[in-house]
Amino acid sequence: MHPLIRSSTVLAFLATVTLTLWQSGSRPWRLWTTVSVACAGSLWVTFRYRGPADNETAQWILAETLALLVLAIPSVRHPKPGCAATVAFGLLLTIAVIPLRISLTLNPPAEQRETVGLCVIWGVAAGLSIGAACYLRSLDSRRQIAVAAERRAQRLTVARDLHDFAAHDVTGVMVLAQAAKALAKDSPERALALLPQIETAGVQALKSMDRTIRIFSELDGGRDSGRGSASERVRPDTKTAGSSGRASDADAQVGAGQAEHSGPRASLRVEEVATLVDRFSSTGTIPARLDLAPGVLDGLPPQISSVGYRVVLEGLTNVRRHAASASQVIVDVRHTDDGDGLRISVADDGDGQPADTAPTEREGGGTGIADLGRRVEAVGGTFKAEAQHPVGWRVTAVLPTR
């Protein structure tokens with residue numbers, strides 16, 4: 001066996017093993033060095049080899065061809081498009097001319113048509129290998145796009161949850177601060193009594209934002225697998241971090257101490273609306289009443305329970321932000337008439353005219369009601385937000401319990 005044939009075959013196998021064990025996409029210099037050496041060595045042997053053209057030589061040439069075909073897959077699959085195209089062309093040319101080692105050294109030499117035919121066959125084989133690499137490359141690209149889209153959806157969900165929770169606490173701060181400002185002249189003692197409530201609402205808003213930033217960091221760090229809906233993963237954390245404008249979701253869930261230890265997977269449930277309503281009343285200027293039918297919350301599916309909590313949360317927040325002149329809010333939770341659903345309503349008697357302590361209107365606004373409607377419909381429920389007569393506003397959601 002001629003040493004040139006043996007050396008080029010061994011070189012091709014070494015190059016294949018190198019790029020198979022160490023992906024070329026992470027080390028461009030390794031790709032260029034390995035493929036360049038393999039192609040240059042093979043081409044040099046092709047045009048320097050002068051025989052013999054026997055069966056043993058053909059077997060070594062076939063083995064080298066297979067090695068180069070395998071080498072084409074990681075070489076074209078992982079690098080950037082320009083680099084992949086250059087590498088593909090070099091490998092295609094190198095593989096296509098390998099038959100010249102036989103056809104040009106035969107005695108008598110092979111006919112030109114036979115030589116071209118063999119080169120075409122080798123070139124087609126190289127094209128198929130490169131095509132397979134391009135197909136795998138497209139699958140990788142689609143996967144990356146899907147992962148990026150999923151992470152973007154997760155971030156949007158976290159952002160919406162930040163609006164639903166941290167912004168509600170900030171709204172509570174604004175309401176209480178404006179109430180304290182109105183009371184400062186005539187009743188300084190009552191104004192001072194509001195300061196601890198303002199501090200509590202502000203602290204809970206900061207907790208909401210801190211936990212939201214942590215979840216963003218987890219998403220960027222790739223610790224989420226991408227399985228399951230983003231809201232199911234991020235909602236509990238943001239919920240346990242803050243609450244509506246009147247209640248920190250962490251404290252509303254199980255008290256401040258336990259909230260600090262709640263994991264990202266902890267979930268707020270509609271069973272906790274009593275605490276939420278109490279916090280709304282104690283950190284604002286509008287009293288709230290909860291009408292809860294006995295046993296209505298027993299055995300609710302977790303997803304339904306979580307959406308139910310959000311309905312109450314959003315309803316109370318909208319009262320605080322848009323109906324500050326209301327004298328009372330009634331939260332009603334009961335079974336539907338047929339017993340197969342859970343009906344939740346939040347109603348106020350505001351006259352549509354904001355009170356002096358109403359939060360200052362912001363440019364733009366949130367998407368709480370629209371997003372809440374989508375959440376309710378996503379679990380098979382119905383949602384309605386409408387004006388009452390003669391005054392007031394009502395938010396109603398009917399959720400399936402089975």
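The structure is a predicted model, so to speak of local features a pLDDT of at least 70 is needed, side-chain atom pairs count only at pLDDT 80 or more, and totals for chains, interfaces and linings use all residues. Residues are numbered from 1 along each chain as its sequence is written, and side-chain values use heavy atoms, with hydrogens and water left out.

The protein chain has 14 helices and 5 strands, taken as DSSP runs numbered from the N terminus (helices H or I, at least four residues; strands E, at least two). Of its 402 residues, 45% count as buried, where buried means under 20% relative accessible area, exposed over 50%, and partly exposed in between (1.4 Å probe, protein chains only). Among contacts (heavy atoms within 4.5 Å) with a separation of 6 or more, 75% come from residues 24 or more positions apart.

The largest nonpolar core holds 34 residues; such a core is a set of buried Ala, Val, Leu, Ile, Met, Phe, Trp, Tyr and Cys residues joined through side-chain atoms within 4.5 Å. Leu-316, Val-329, Ile-344 and Val-376 have the most contacts inside it. At least two residues each are supplied by α12 (273-282), α13 (302-322), β2 (329-335), β3 (341-348), α14 (368-378) and β5 (393-400), with α13 giving the largest share, 8 residues. Leaving aside neighbours within four places in sequence, Val-329 touches a list of residues including Phe-280, Ile-286, Leu-316, Val-319 and Val-346. There is also a second, separate core of 28 residues, with Ala-12, Val-45, Ala-88 and Ala-133 among them.

Thr-65 sits in helix α3 (residues 55-77) and, at 5% relative accessibility, counts as buried. Its side chain reaches the backbone oxygen of Ile-61 at 2.9 Å, a polar contact (a pair of N or O atoms within 3.5 Å; within protein, one must be able to donate a hydrogen and the other to accept it, and residues adjacent in sequence count only if both atoms are side-chain atoms). Beyond neighbours within four places in sequence, Thr-65 is in contact with Ile-95, Ile-98 and Trp-122.

As for the strands, two of them pair if DSSP finds at least two bridges between them. β3 and β5 are antiparallel over 8 bridges, and Ser-345 has Thr-396 of β5 as its bridge partner. β5 also runs antiparallel to β4 (residues 382-387), through 6 bridges, with Ala-387 opposite Trp-393. The β4–β5 hairpin has 5 residues between the strands, and Gly-392 there takes a positive phi near 110°.
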